[in-house]
Amino acid sequence: MNDLHGILFAYRSDANLGELTRPRNTCSLPFGGRYRLIDFMLSNYVNAGINDVGLVVHQSYQSLLDHVGSGKDWELSRKHGGLRILPPFSFAELGHGEYRGTMDALAGVTDYLENIRQDYVIMAWGDVALNLPVSDVFAQHLASGADITVVCTPILHGAPQYSEYVEVSADGRITDLSIHPTAADKALESLEIYILSKRLLMDMTDYCAAHDIANFSRGVLQPRLKSLKMVPYVHKGYVARFQSVSDYYQRSMDLLDASIRADLFNPMHPIRTKDQSNPSTYYGPSAVSRCSLVADGCYIEGEVENSILSRGVIVEKGAKVVNSVLMQGTVVKAGASLSYVIADKNVQINEDRMLMGHQTYPLAIAKESVV
């Protein structure tokens with residue numbers, strides 16, 4: 001895998017996630033009690049033996065930088081290569097604002113792309129959770145002779161207005177690409193993960209910069225469906241996409257299913273995250289915990305059921321947390337009751353408060369709020 005370079009796009013801050021993405025971009029959103037979304041694709045790269053990864057950022061990325069640091073926890077802290085953070089310096093110098101699309105992002109880091117040592121590049125968004133065998137995708141790409149390999153899933157996960165779908169011919173080539181349709185009318189959903197050669201990537205980046213083309217799918221893939229050989233790689237494992245607050249809640253609740261956890265956190269392909277060396281969780285004499293995921297460093301004296309608790313959460317005696325997601329440092333005071341609630345980091349729920357959302361419309365509480 002030394003001939004494959006990793007690019008991760010980590011500049012998207014999805015407004016549809018409301019309070020959850022106000023203080024951060026989507027890639028740094030906590031998930032599963034111990035992880036951030038960036039952990040999954042970054043771990044997939046490392047598990048495949050990729051040694052060089054470029055992380056393309058733009059705004060609201062302080063939380064992301066605090067999490068990934070030098071890349072040490074992913075074994076990417078190296079004197080040569082390793083993890084490289086790619087801010088929009090050259091793009092900003094041209095007087096532009098936000099990236100309009102991935103081709104803008106690539107044009108903003110052209111100097112970095114030119115110095116890539118490998119012949120092939122994998123590009124992906126860092127805000128999707130899956131355990132992808134990248135080495136298998138690369139092997140298929142080489143064996144098929146494809147110009148571009150597109151990772152797809154047969155199980156439709158995203159809302160059609162925010163997703164892309166491909167149609168495949170009998171000989172295995174992608175013949176059509178639908179971008180943000182009103183309905184999902186294709187058999188395969190694109191995960192917007194691509195493998196292609198460095199040479200082709202540079203040619204596309206130069207062409208798009210010269211013709212003011214910002215979007216990779218519309219400006220590169222759609223016009224070249226006939227001239228380039230595009231082949232799908234069908235990933236049949238679990239995939240979590242996050243396009244709304246409801247999506248975030250439902251995908252979090254998915255983790256209470258043992259079969260989904262076994263697929264997503266396969267010990268043969270571990271998902272790595274930042275080490276915080278927290279102490280073990282304390283359960284008081286009257287504590288109750290049923291069908292829940294509770295991270296290290298929590299202090300539980302109340303009742304927790306069908307919920308996910310991140311590191312350092314405190315549930316005081318007499319408090320009840322049901323069907324909820326509590327992020328790091330959240331404190332639920334005595335007598336409080338939570339149901340279908342997403343509490344961001346360092347939220348405090350005061351005594352005897354009752355907060356209730358709904359399974360399809362969970363109540364999201366902003367970071368560091370006091371309720």
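A search of the whole structure finds zero disulfides, a disulfide being a pair of cysteine sulfur atoms within 2.5 Å. This is a predicted model in which local features need pLDDT of at least 70 and side-chain atom pairs count only at pLDDT 80 or more, while totals for chains, interfaces and linings use all residues. Residues are numbered from 1 along each chain as its sequence is written, and side-chain values use heavy atoms, with hydrogens and water left out.

User: Is cysteine 152 buried or exposed?
Analyst: Buried means under 20% relative accessible area, exposed over 50%, and partly exposed in between (1.4 Å probe, protein chains only). Cysteine 152 has 0% relative accessibility, so it counts as buried.

User: In which helix is methionine 103, and what is its relative accessible area?
Analyst: Helices (H or I, at least four residues) and strands (E, at least two) are DSSP runs, numbered from the N terminus. Methionine 103 lies in helix H4, residues 102-108. Methionine 103 is buried, and its relative accessible area is 2%.

User: Which residues does methionine 103 touch?
Analyst: Contact means heavy atoms within 4.5 Å. Leaving aside residues up to four places away in sequence, methionine 103 touches Met204, Thr205, Cys208, Ile213, Ala214, Asn215, Phe216 and Val220.

User: How many of the ten residues of helix H9 are buried?
Analyst: Among the buried residues of H9 are Val245, Tyr248 and Asp254. Helix H9 (residues 245-254) is largely enclosed by the rest of the structure, because the buried residues number eight.

User: What is the strand order of the open sheet of five strands?
Analyst: Two strands pair if DSSP finds at least two bridges between them. The pairing in this open sheet is parallel, and the order is S14-S17-S20-S23-S26.

User: Which strands stand at the edges?
Analyst: An edge strand here has a single partner strand, so one side of it is left without a neighbour in the sheet. The strands in that position are S14 (282-283) and S26 (348-349).
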